[in-house]
Amino acid sequence: MALQNGKSKNTRSVRNTSDGETDPYRVNVSLRFMVLSMVSCLLLAFAVGRIARMLLIVGPQQAIVELHAALREHQEQQERDEGRKDIMKLPNPTLKNKPIPITVYTSMNFDTARSTTINSRWVVSEQDEEENNKVCKGTMSGKNDCQAEPEIDLRAEQQPANGTEGDDELHLPAGQHLLMDIRNVAADFLASEERLANAMLDVVGDCGLTLLSYHCHGLTPSGVSCVGVLLESHVSFHTWPSEGVVTLDLFTCGSQSLLPIVERVERLFGVPRNADGPETVWAYKVRGFGDETEEELTDLFTFPIGTMTEYKKELVSIEKTSQNNNRIDVYDVLRPVFQNYEQYKRSLLDDGSYESRYKEIFQPDRILFVNGVLQSRRSAEVPYHEALVHPAMMAHKSPSRVLLLNCGGGAALREVLKHKGVEKVTLIEEEPEIVRVSKKFFPGYHDCSGIQGIPSNCWDDPRVELIYDDVYDWAEAQYEDDTDEEFDVIILDDIYYVEEFSEDEGDGDLAELLSDLLAPDGILAAQVGDVPTLETAALGNPDMQGRFDFIEDLESNGFVRIVDYEEGHLGFSHPWQFVIAFKTGEPNEAWDSTYSSWHNMHVDQRTLPTPTGDSSLLHFDGAVMKGYSYPSKASGVVFCRGYPESRFCKEGRGIETQR
């Protein structure tokens with residue numbers, strides 16, 4: 001310490017008072033000291049308050065939250081344990097009367113804190129199942145502690161899974177995929193690995209598949225994920241117990257359809273959560289790069305089977321009919337965009353809602369498929385059959401005898417019976433099952449209660465004669481018998497005789513036979529498929545060549561005037577085309593009239609009213625008839641591309657001859 005004048009530099013200065021004396025109790029404090037002191041006090045107060053808040057407020061709250069979470073996790077684990085009870089009761093996939101296939105098993109488990117359990121089962125023979133329950137417990141380290149391993153005799157002669165030798169179908173890069181989502185399922189079932197595994201094994205067994213192994217993870221806080229390795233491919237599912245949802249997919253190689261097991265899967269995995277029952281959304285797809293069959297490319301496998309719609313239900317599926325080996329399917333479906341499941345459920349109630357007051361609007365559409373091709377749908381059958389029947393019936397001056405070919409659904413018959421003056425209707429149907437299916441699942445098609453003065457069931461009308469026979473064979477028999485029976489109008493509702501037309505196979509005679517069956521002023525009407533467009537190539541187009549050959553053959557067999565018309569409200573993916581062929585070339589008053597008011601009067605005079613006196617027609621009227629009388633430009637242009645020398649193209653404007 002340096003000294004100056006004998007005194008220290010740190011000697012505290014004192015202030016002299018007015019009388020010259022010093023004040024020992026007065027201290028000078030610097031501004032810096034005051035600021036530091038205040039900041040220190042503030043920091044200390046903040047720290048004390050923060051600590052007090054954590055100890056007295058936040059801490060207890062957090063402890064309560066953690067306790068609640070722990071209790072909830074414990075409760076869910078108890079529910080899982082109650083549903084699972086003894087995890088060692090998980091069933092083994094067992095082969096009966098089959099050797100165990102030779103396979104190489106490779107696996108890797110990864111640590112995951114969200115798997116509360118990991119369990120696996122390997123395929124065993126029926127004898128091994130009786131001797132020992134083969135169980136392998138997965139550990140979080142990735143190792144498998146196996147109590148026993150299935151003994152595989154590598155020298156044993158291996159047979160294909162389906163029991164037939166040389167079946168290369170299993171090795172094709174193609175297969176079938178079934179996707180299913182089920183909700184409103186019981187939580188205890190969705191949390192039970194044992195019950196879920198048993199359901200999976202039942203599904204695999206029903207399909208006749210070979211399950212090599214399956215592996216399940218019980219997840220935290222809830223849910224089960226399982227995957228089964230099949231000799232044919234795989235099956236897997238995942239559950240959400242708290243939401244009551246399970247999603248499942250099954251993929252197999254081979255040709256055996258998975259469609260028959262849809263209802264079985266719904267029953268096994270759709271354990272109801274409440275009185276409402278489970279709700280299922282499913283789709284069935286053909287995948288891979290194998291050779292697709294014609295059936296798999298048809299309407300049925302596009303919609304509804306191949307689409308995850310909110311509601312669809314199979315009502316009947318006939319793999320092969322006894323008469324002609326046709327496949328017949330009927331489905332109830334909700335139409336996407338136009339309908340939804342919530343509206344449908346409300347329509348089932350009587351709560352005064354809009355949906356419950358107009359139930360018919362929200363009921364599922366009912367669709368008939370024959371050999372996978374959409375034949376008819378309830379939502380559009382009336383405009384279709386009105387378009388098929390009434391133009392020809394109205395164009396004839398007085399139709400009394402009508403021949404219906406392959407119109408076994410009954411709706412065309414219903415429309416014919418709406419006309420006054422009809423004395424006899426002969427219906428030739430090649431497929432008896434069509435009539436039986438229609439009577440059971442489409443009662444509205446043959447409901448004549450809305451027509452005044454005739455039986456309520458169209459089939460009971462004494463003027464109707466139903467004959468089960470091949471169309472061509474029956475027509476040929478009439479020709480050979482030289483029958484005098486003639487018809488005023490013939491309606492053909494079978495696109496086979498149009499699309500599959502081939503003169504080389506003798507089908508060319510059908511036009512001649514039909515012409516012979518018609519009266520001199522007779523009219524033939526037929527549906528011929530989706531409408532052509534300006535971009536449609538007429539020459540070389542297999543989808544339309546048969547149609548044009550059919551029309552040409554009509555012309556060469558006595559039909560001197562042929563017209564076409566289109567209707568776009570029939571429930572098909574494209575507007576539909578119809579053809580009318582006249583045996584006389586005289587001007588037709590009903591077809592050629594340019595006044596829709598005349599058409600309306602003509603329609604009213606020719607048809608029977610409803611019991612209340614209203615029109616029995618729903619869509620067809622004079623304006624529609626007038627619109628039909630003018631064929632589209634596209635149909636004429638496309639036809640003449642393929643047949644530029646046709647008289648129709650030289651003298652008229654396409655299919656229609658010059659008036």
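Here is a friendly set of questions and answers about the structure above.

Me: What kind of model is this, and how are its residues numbered?
Reply: This is a predicted model, where local features need pLDDT of at least 70, side-chain atom pairs count only at pLDDT 80 or more, and totals for chains, interfaces and linings use all residues. Side-chain values use heavy atoms, with hydrogens and water left out, and residues are numbered from 1 along each chain as its sequence is written.

Me: Is D493 buried or exposed?
Reply: Buried means under 20% relative accessible area, exposed over 50%, and partly exposed in between (1.4 Å probe, protein chains only). D493 has 15% relative accessibility, so D493 counts as buried.

Me: Which residue joins its side chain to that of D493 in a polar contact of 2.6 Å?
Reply: Contact means heavy atoms within 4.5 Å, and, leaving aside neighbours within four places in sequence, D493 is in contact with Y384, H385, L388, L405, N406, C407 and Q527. A polar contact is a pair of N or O atoms within 3.5 Å; within protein, one must be able to donate a hydrogen and the other to accept it, and residues adjacent in sequence count only if both atoms are side-chain atoms. The side chain that makes the 2.6 Å polar contact with D493 belongs to Y384.

Me: Which ring does the charged end of K312 sit over, and how far is it from the centre?
Reply: A charge sits over a ring if NZ of Lys or CZ of Arg is within 6 Å of the ring centre and within 35 degrees of the ring normal. R561 lies over the face of F582, at 5.5 Å from the ring centre. For K312, the ring is that of W282, and the distance from its centre is 4.4 Å.

Me: What is the handedness of the disulfide between C216 and C226?
Reply: A disulfide is a pair of cysteine sulfur atoms within 2.5 Å, and by this rule the count comes to two. C216 and C226 are joined with S to S at 2.0 Å, and both are buried. Their S-S torsion is about 115°, so this disulfide is right-handed.

Me: How many residues apart in sequence are the parts that C448 and C458 tie together?
Reply: C448 and C458 form a disulfide, S to S 1.8 Å, and both are buried. Each of C448 and C458 lies in the loop between α11 (432-441) and β20 (464-468), so the parts tied together are 10 residues apart in sequence.

Terms used. Helices (H or I, at least four residues) and strands (E, at least two) are DSSP runs, numbered from the N terminus.
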